[in-house]
Amino acid sequence: MRIEELLSDYRHFRKAAGLFLAVSLGVRLWLSAHYFGFLTGDDVEILEAGLRWVLHLGYVPWEIRNTLLPTLLVAPMGWLGASLGIASPMRLAGLATVPFALLSTLNLVLVYRLVLALRGERLAAGFAALLLGTHWLAVGYGSTVYPRTAATTCILLAALWSAKSPPSAARLLGAGAFVALAFSFRYSEMIFLPPLLLLAARAGSPATRLRRAAAVGAGFAAGALLFVGIADQLEWGAPFASLRAFFDYTVVEGRASALVAHQPGAWYLGTVLRWLSPAVIGGLWFFRRRRVPWALAAFVVLPLLALSVVPHKELRYLQGVLPFLCALGGIGLAGLWRDGRRSGVVTLCALSLAWSAVQLRFLEKKSMAAVAAARYLTETRPAGSALAVQQPWAYGDRLILPVSFRVRELPMDLEHDGLGHDFSGVAIVALYADRLTPSVAQALAAAGLCAERQFAWGRSRAVSIYSACPAE
């Protein structure tokens, strides 16, 4: 069946779309189960904040975090797992990824409907959903608990409600509230409010445009009061407490929690071939001879400019931009298809699928080896053991390591920080194998610590365990 016949026959189209969504969800859930480690401390924080009650962690979230997202998405899955008799923290953590995988899959439906609402063209909408559904950023992070997956759902819902013509006041208020919800999930997502205002005010008389923009702004203000002000009051005892702490930490102090805290302003441009797929590039190239839909382009250009100004940059920050890039690429591919360049479109989509499969290897760098080491220590060491490790989050922090363990964090660069020779007061040391230098090995031996076991898992960073040397 040709693609035009599939799109014109709604019954067959629904079956094909349903199969595509089911496969997309299945891939995300498989990736979550297979790559069971952690990428950074962020995903561990989300899990600890959401599972703290059911696992009795006594965990106190970082003061710069709004805890609404783990409360809404992770905590219910923790209670569900506990009610089903699941006690393993890692199994509960895996269960917690299910809502994020579902939302990541829902984003495909939302971008399809958004393009359909703005262009009225099912072919372009289908290509947009296909591009998003096969992009490594959407697939890879859709298998984790990173918050921008859920924030992207909110942004797409806001854009869809504003794209309805003419948008009602209730929809515009709701659109603003959805951006406020995304804002509470990660404060940087406020960058999508300006393009949403432009989308809502794209047509009508000046008075009508102003009224629509005001409705979106009012919805955002009300949502921010509820999702940040009241949520922080309940968590921290003061309204907007985490927002103020976040502002102080990132803007006033200029800090970031990553090892590399600052990248140049053109960093996203320099990495463009990592986040622009061949099919999206081909679709965007088609626009060189046609007018780009500015309502969608604003959701790409304005956030990219804002993110380029922020000192710390990560490719995962582009998750909210990605659906709109795919929407533009899908519109372009549809134009190429209608122009008779169908073999080129198929080739671009095939190349993009292979490109995403290669890029998805970033999940292999999750901390599976460290998690395996943490499980081993939990099973073999008594309560109250003293432990020194690099990057405790890689071991699952208090999700896996017992609360009774006395954990001391070691710096990544033991030599530079002058701590490579200080292993006093600990019975167990866990180091990344690639961080073991001759002088550190000598210090371990001088402290009476010998290699006990090494853990490796694919490309995951290997971990070596050192404990008291056996008596001769």
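Biologist: Is arginine 52 buried or exposed?

Modeller: Happy to look, keeping in mind that this is a predicted model. The cut-off for buried is under 20% relative accessible area. Arginine 52 has 10% relative accessibility, so the residue counts as buried.

Biologist: Which residue forms a salt bridge with arginine 52?

Modeller: The closest N and O atoms of the pair are 2.7 Å apart. The two residues sit in distant parts of the chain, with arginine 52 in helix H3 and its partner in helix H12, 183 residues apart.

Biologist: Good to know! How many residues apart in sequence are the parts that arginine 148 and glutamate 189 tie together?

Modeller: The side chains of arginine 148 and glutamate 189 meet in a salt bridge, at 3.4 Å from N to O. Arginine 148 lies in helix H9, while glutamate 189 lies in the loop between helix H10 and helix H11, so the parts tied together are apart in sequence by 41 residues.

Biologist: And what is the relative accessibility of glutamate 189?

Modeller: Arginine 148 counts as buried, at 7% relative accessibility. Glutamate 189 also counts as buried, and its relative accessibility is 1%.

Biologist: Where does arginine 459 lie?

Modeller: Arginine 459 forms a salt bridge with glutamate 364, with the closest N and O atoms 3.3 Å apart. Glutamate 364 is buried, with a relative accessible area of 17%, whereas arginine 459 is partly exposed at 38%. Glutamate 364 lies in the loop between helix H19 and helix H20, and arginine 459 lies in the loop between strand E4 and strand E5.

Biologist: How many salt bridges does a search of the whole structure find?

Modeller: Salt bridges also link Asp42, Glu45, Arg65, Glu314 and Arg316 in a network. For the whole structure, the search finds 11.

Biologist: Now for the backbone. Which residue does a cis peptide bond join to serine 165?

Modeller: Most peptide bonds are trans. Here the bond is cis, with omega about -10°.

Biologist: What is the phi of glutamine 391?

Modeller: Most residues other than glycine have a negative phi. Phenylalanine 240, in the loop between H12 and helix H13, has a positive phi of about 60°. Glutamine 391 is found in the loop between strand E1 and strand E2 and counts as buried at 12% relative accessibility. Glutamine 391 is not a glycine either, yet its phi is positive, about 50°.

Technical notes:
Residues are numbered from 1 along each chain as its sequence is written. This is a predicted model: local features need pLDDT of at least 70, side-chain atom pairs count only at pLDDT 80 or more; totals for chains, interfaces and linings use all residues. Side-chain values use heavy atoms; hydrogens and water are left out. A salt bridge is a side-chain nitrogen of Lys or Arg within 4 Å of a carboxyl oxygen of Asp or Glu. Helices (H or I, at least four residues) and strands (E, at least two) are DSSP runs, numbered from the N terminus. Buried means under 20% relative accessible area, exposed over 50%, partly exposed in between (1.4 Å probe, protein chains only).
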